[in-house]
Amino acid sequence: MPKLTEVAVKGLLGRFDHTVAFPAENEFVILYGPNGIGKTKLLELIGDTFAARMGKVARTPFSRATFNFDDGTRLTVENSLSSLNETQGEQEYSLRVVLEKSDGENIEWLNSKEDHSELSPPRWSRLIEQYTPARYAGGGRWMDPETGEALNRQGVLEKFGFLIPSDFLPFPQFPEEMRNFLKSTDVHLIETQRLLTRVVVQRERPRPESASKITVQEFSDDFSRRMREALAQNSRTSQELDRTFPRRLLSAGSPPSAATEEAIRSRYDEQSQLRTRLAEISLLQGSSDLPLPSRKLDSSQRLVLWTYLDDSERKLATFEDILRRVQLFRDIVNSRFQFKQLHLNRDGFNFITDSGHDISAESLSSGEQHELVLAYDLLFNVAENSLVLIDEPEISLHVAWQQEFLNDIAEIAHTASLRFIVATHSPQIIHKWRKRAVSLGAQG
C-alpha cells in the first residue's frame, strides 16, 4: 500500500500556498502556524478528498491540491470556485481530479454544478434514501448523520452524489479505479470535539446509524465484545489443534533436532510469561496446564513437550494483537490518570481509586475522558495502515500531558500500524519533535 509523502495546496482560503513533506519512514508530521492560516481547512480537505466527498471538496476554497505517494503515484485535484450571488451564497464550481498511476496511466474525472441541473424531486428523494447516508429530516432538509449538518437536496447531491450508481445520474460517475485508490488510503479526521462525535471506521452499510455522543461505558462494552471475539478465535484454534494432537504426535516418531532440553525450558518460560500478561486482563489463567518435570527429559518427553509448545504458541498467538493494544492503552491511560487506575478484563473496564473505591466514568475529568477516548479509538477502531488527521490535540490536555502526546502517538503508530498528521498551536505538543514540524506561514 503506497504511503503519502507530500501534500501541496495552492490558493487555500483564496490566498495560502502550503507544502507539507511527509517522509514515508516517519510515523507523524506536525503542522503549526497562526490562526487563520488554514491548518484545520487543510486537514478537512485531505479527509474529504480521500473519503471521496467531492461536494465538500468542491466547496472548499482552493485552486489545486497535489498528493504524492512513495510509489510514484500522484493525485491532483483542481477546483474552480466562484461566487455567483454573495447575498444568497450561491456558488459555481468545476472540479477536476486526476490520478497519475505509477505505471504511467492517467485516470481523470470532471464534474461541475451545471451537471446537477436535471433534478426530479421525487426521483432524487428515492435515490438519496436508497444510496446515501443522508436521512430526511422534514421541511425539504436532509440530515448528514456523520456531521449533523442539515442539507437541502442539492447539498446532498453535491456531497454524496458519487455514491449513486451512474445509470441514475445526469453527471459523470466517479471512475471505479479512482474510487478504489481513494478507498485504499484510509484517512480519518479527529476533530477537537472528539468527545461529542464518534470517531470510528465507517463500515459500509446501506443505512448507517446516526452518530451519538460517546460515553466511556460504550468503550467498555466494545472492549468486552472484542475480548469475547478473541476468546472465540482462541477456542476455535485450540479445538482444531487438540483434535489433531494425537495423530501429529504419533506420526512424528522422534523429536526434531531443535527440541533440546534447553530450548524446551526456554520456550516454556516465555509462554508462561505471556500467559501471566494475558491473565492480567482475564483472557487466560496464569499457569500452564502442563508443568515441566524438574528431572532430565528423555526423548519421548521432549517430543511430547515440543509438540505441545508448538500448539501453545499457535493458541497464544490468537491473543497477541489484542494484548499489544490493551497493554499500550492501559499504560497510556494509567500514566495520565492521578489517584486512580484503569482495570481491564473480559467484562470491560472500570476505574479504581488509590484507596480502593470504584468510580464512575462520569467522574473522570474532561482531560481524562479525552485521553481515554482518543487512545481507545486509535488503538481499536481505526483500521491498520490508515492516515489519521488530528486537529488541536492540546484541547483539555494538561501541559505535562501535551509534552507526552507525540511520544504516545509514536507508540500507537508502531502498535496499530498508523501514520499521523497533527495540527497544533501548542509548543508543548511539538516539544522535542521540532524536526518533524512544518510551519504553515502566511503568503500574500
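**Salt bridges, a sheet and a tyrosine**

Mentor: To begin, Asp48 forms a salt bridge with Lys56, with the closest N and O atoms 3.8 Å apart. A salt bridge here is a side-chain nitrogen of Lys or Arg within 4 Å of a carboxyl oxygen of Asp or Glu. This is a predicted model, where local features need pLDDT of at least 70, side-chain atom pairs count only at pLDDT 80 or more, and totals for chains, interfaces and linings use all residues. Residues are numbered from 1 along each chain as its sequence is written, and side-chain values use heavy atoms, with hydrogens and water left out.

Trainee: Is Asp48 buried or exposed?
Mentor: Buried means under 20% relative accessible area, exposed over 50%, and partly exposed in between (1.4 Å probe, protein chains only). The relative accessibility of Asp48 is 5%, so Asp48 counts as buried.

Trainee: Which strands hold Arg64 and Glu78?
Mentor: The side chains of Arg64 and Glu78 meet in a salt bridge of 2.6 Å, N to O. This pair links distant parts of the chain, 14 residues apart: Arg64 lies in strand β4 (residues 64-69) and Glu78 in strand β5 (residues 74-85). Strands (E, at least two residues) and helices (H or I, at least four) are DSSP runs numbered from the N terminus. The strands asked for are β4 for Arg64 and β5 for Glu78.

Trainee: Which residues are linked with Arg64 in a network of salt bridges?
Mentor: Arg64 is partly exposed, with a relative accessible area of 33%. Its network of salt bridges also holds Glu78, Arg96 and Glu108.

Trainee: Why are Glu240 and Arg243 separated by about one helical turn?
Mentor: Their side chains meet in a salt bridge of 2.8 Å, N to O. Both residues belong to helix α6 (residues 216-252), and the separation is about one helical turn because they are 3 residues apart.

Trainee: How far apart are the C-alpha atoms of Tyr32 and Gly441?
Mentor: Tyr32 is in strand β3 (residues 28-32). Gly441 is 409 residues from Tyr32 along the chain, and their C-alpha atoms are separated by 8.7 Å.
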